[in-house]
Amino acid sequence: MTPGAGSYASIQTMIFAAGAMLIVLLVLAAAGLLTSLAIRPRRFPYLKTYAIEVAKGKLIEADYWAWEKQPVRLTSPFGYNLSGDYFPLPGSLRTVVLVHGFTYTRLGCIKYLPVFRALGFNVLIYDQRCHGLSGGENTTFGFYEQHDLRVLFDWALAQLPPGGTVGSMGESLGGATCLMHAALDPRPAFVIADCTYADLQDQLALRLRLDYRLPRLPLLPLASLICRLWAGFWFGQVSPLRAVAALEMPVLFIHGQADDYTPSEASRRLYDAKTRGLRRLYLAADAGHAEAYWKNRAEYARQVEHFLRAGGVI
């Protein structure tokens, strides 16, 4: 080989190596961005959610300010503040903890208060970690949040006399938190999970494909590794589907049939995975993500009441 040909080959090799390195760096950058968007999302400020709920008619100010309530300030097992509100109902021996969804605040749960107050429940709402007025530097899709919910249960049960019961209801991310918490804490008298994802990796892969037209591989495994380095957990460790298999308390799965963010197939999978104890599945017609209640409030309330009666909770 002549020196000229050798130099040309070397240049080609260098260009190829540089191109390969650039591709690797771009993939790593994309994985890092995915991780950041997932665990450090842009969140709604607390007061903004108040204004949104009022504007949509989901928070009736006259009712909200007329209800007896008290602020709740607790400490997470991981050291940050958990901020909430407790709405007691005189003489009630049962409480429901309502858990909001991704990027929102506890005020998104206010719409459910009339349903549970009509059934004789005290209601406790709170901001999940990294949301609203609570602390925590990132969201973990239920991984750390399940332990925070245990603290809320401790507090809620302490407000009741012996024999009192506490259940949980969560929307989207909140439903995942409730299901995963119930797998490690047998105290929930019931769980209601509305529009919850079955498995975090599957949900992220779906959003990658629909929102960014990107494949699951190799981005998701790399993002999971980065998440482990930044936040201390792997995406694969968050699976309400695995948690459900261990649950024996009554569980109601709710989903909008028109949900294109977390398709209703997720709740079907969760329902099928629960093989012990009472289970119910309510699929709301024409409802998108977290819209099942607002599309048909009367039917939603009826489904919740029938479920609670079937489970012996009321």
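Predicted model: local features only at pLDDT ≥ 70, side-chain atom pairs only at ≥ 80, totals over all residues.
Q: Which elements do the buried residues of α2 pack against?
A: Buried means under 20% relative accessible area, exposed over 50%, and partly exposed in between, with a 1.4 Å probe and protein chains only. In α2 (residues 46-55) the buried set is Tyr46, Thr49, Tyr50, Ile52 and Glu53. Seen down the helix axis they fall within an arc of 165°, so they line one face of α2, the arc being that of the directions from the axis to the C-beta atoms. Taking contact as heavy atoms within 4.5 Å, the buried residues of α2 pack against α3 (61-66) and β2 (81-87).

Q: Which residues are exposed on the other side of α2?
A: The buried residues of α2 line one face of the helix. Over on the other side, the exposed ones are Leu47 and Ala55.

Q: How far apart in space are Tyr104 and Thr49, C-alpha to C-alpha?
A: Tyr104 lies in the loop between β3 and α4 (113-118) and counts as buried at 16% relative accessibility. Leaving out residues up to four places away in sequence, Tyr104 touches Phe44, Thr49, Ile52, Glu53, His131 and Gly132. Tyr104 and Thr49 are 55 residues apart in sequence, yet their C-alpha atoms are separated by 7.1 Å.

Q: What is the order of the strands in the open sheet?
A: Strands pair here if DSSP finds at least two bridges between them. The edges are β1 (70-75) and β8 (279-284), each of which pairs on one side only. Eight strands with mixed pairing make up this sheet, in the order β1-β2-β4-β3-β5-β6-β7-β8.

Q: Which residue of β5 stands opposite Val99?
A: Strand β3 (residues 94-99) runs parallel to β5, with six bridges joining the two. Arg94 sits opposite Thr165 in β5. For Val99, the residue across in β5 is Gly170.

Q: How many residues of strand β5 are buried?
A: β5 (residues 165-171) is largely enclosed by the rest of the structure. Of the seven residues in β5, the buried ones number six.

Q: Which residue of β4 stands opposite Gly84?
A: β4 (residues 122-126) pairs with β3 in the parallel sense over five bridges. With β2, β4 runs antiparallel, joined by four bridges. Opposite Gly84, the β4 residue is Tyr126.

Q: At what angle do α5 and α6 pack?
A: Axes are lines fitted to C-alpha atoms, for helices over the stretch in contact, and angles run from 0 to 180 degrees between N-to-C directions. Angles under 35 degrees count as roughly parallel, over 145 as roughly antiparallel, 65 to 115 as roughly perpendicular and the rest as oblique. α5 and α6 are therefore roughly perpendicular to each other. Helix α5 (residues 145-158) and helix α6 (residues 173-184) have axes 8 Å apart, and the angle is about 75°.

Q: Where in the structure is Cys130 found?
A: Cys130 is a residue other than glycine with a positive phi, near 65°. It's buried, with a relative accessible area of 5%. Cys130 belongs to the loop between β4 and α5.

Q: Is Arg213 buried or exposed?
A: Arg213 also isn't a glycine, and its phi is positive, near 55°. It sits in the loop between α7 and α8. With a relative accessible area of 66%, Arg213 is exposed.

Q: Which residues does the cis peptide bond join?
A: Pro218 lies in the loop between α7 (200-212) and α8 (219-231). Omega of the cis bond is about 5°, and the residues it joins are Leu217 and Pro218.

Notes. Residues numbered from 1 in each chain as written. Heavy atoms only, no water.
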